[in-house]
Amino acid sequence: MLGRFISLEGGEGVGKTTNIAYIQSLLEANDISVLLTREPGGTPLAEAMRQLLLDKNQEQITEQAELLMIFAARAQHIKYVIKPALEQGIWVLCDRFTDASYAYQGGGRAMDIAAIHWLENFVQGDLRPDLTLLLDAPVQVGMNRATQRGKLDRFEVEQITFFEKVRAAYLALANQQPARIKVVDAAQNLEQVQAQIHRLITQFIHD
Ligand code: Z5A
């Protein structure tokens with residue numbers, strides 16, 4: 001039996017890292033084996049590419065190079081981590097996946113959606129998440145939470161208008177694919193956010 005693939009998405013500081021461990025605990029309480037991973041990253045090479053992508057103190061990365069690096073990292077991640085786990089019946093819980101490319105590169109950077117779509121098919125074949133939780137909050141809420149953590153990376157130094165476009169692109173995706181992408185109101189306090197997540201994950205497990 002194949003494992004199922006869940007991704008967690010959202011803008012800056014909305015609580016993905018905080019809540020992914022909570023989702024893992026919900027799945028494990030239902031005797032489901034879970035692999036926790038993230039993008040960009042998940043393999044040694046993909047993690048090295050993540051470092052390059054987040055480092056703002058280097059030569060400027062062109063938009064095209066950024067998109068290709070993200071998909072190059074994704075190709076490694078799928079072949080060596082995601083697919084082997086799913087084939088063993090392990091559920092994969094991923095902090096960001098390709099919806100982030102549509103939101104950040106397609107929305108934030110206004111890159112050609114057709115190019116992203118082509119790369120998605122080229123790199124992933126028919127692999128898509130079975131469920132995506134989109135943690136959504138007003139941009140300023142997420143930014144306030146993220147800035148409290150200190151040093152900002154290459155994406156986090158972008159202007160607020162960039163993150164508004166990212167948020168709009170994520171919500172448009174959720175609107176287009178309501179069966180897969182479930183929106184969680186992440187502006188609420190943690191207890192309320194986790195109550196929403198609990199309901200969605202429980203429903204998904206028993207589907
Ligand atoms: N990127 C891309 O451009 N294209 C792609 O295809 C992919 C990625 C896959 C790295 O992602 C960057 O890669 C990302 C987009 C780009 N850049 N950005 N921005 P990342 O996921 O590692 O980076 P991130 O979005 O900056 O994640 P984050 O800042 O770590 O945010 P988070 O994980 O969503 O939030 P958190 O760390 O769980 O929470 C932030 C703080 O808020 C923390 O102190 C929590 O305790 C607190 N928190 C969390 N929830 C609550 C609630 N409900 N109330 C109050 N406080 C809360």
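Helices (H or I, at least four residues) and strands (E, at least two) are taken here as DSSP runs, numbered from the N terminus. The model is predicted, and local features need pLDDT of at least 70, side-chain atom pairs count only at pLDDT 80 or more, while totals for chains, interfaces and linings use all residues. Residues are numbered from 1 along each chain as its sequence is written, and side-chain values use heavy atoms, with hydrogens and water left out.

On to the ligand. Its shell holds 27 residues, the closest being E12, T17, T18, R50 and R96; a residue is near a molecule if one of its heavy atoms lies within 4 Å of it. By residue class, the shell splits into ten nonpolar, eight polar and nine charged (nonpolar: Ala, Val, Leu, Ile, Met, Phe, Trp, Tyr, Cys and Pro; charged: Asp, Glu, Lys and Arg; polar: the others, Gly among them). At least two shell residues come from each of helix 1 (16–29), helix 2 (44–54), helix 3 (63–87), helix 4 (98–108) and helix 8 (190–205).

A ligand oxygen lies 2.5 Å from an N or O atom in the T18 side chain, and an oxygen of the ligand is 2.7 Å from an N or O atom in the side chain of S101. A ligand nitrogen is 3.4 Å from a polar backbone atom of L190. On its own the ligand exposes 1100 Å², of which the protein buries 84% (Shrake-Rupley areas, 1.4 Å probe).

W91 and F204 make an edge-to-face pair, because their ring centres are 5.8 Å apart and their planes stand at 75°. This pair ties together distant parts of the chain, with W91 in strand 3 (residues 91–95) and F204 in helix 8, 113 residues apart.

E39 and P40 are joined by a cis peptide bond, with omega at about -10°; P40 falls in the loop between strand 2 (34–38) and helix 2. R96, though not a glycine, has a positive phi of about 75°, and R96 sits in the loop between strand 3 and helix 4.

Technical notes
Polar contact = N/O pair within 3.5 Å; in protein donor to acceptor, adjacent residues only side chain to side chain. Phe/Tyr/Trp six-rings, centres within 6.5 Å; stacked < 30°, edge-to-face > 60°.
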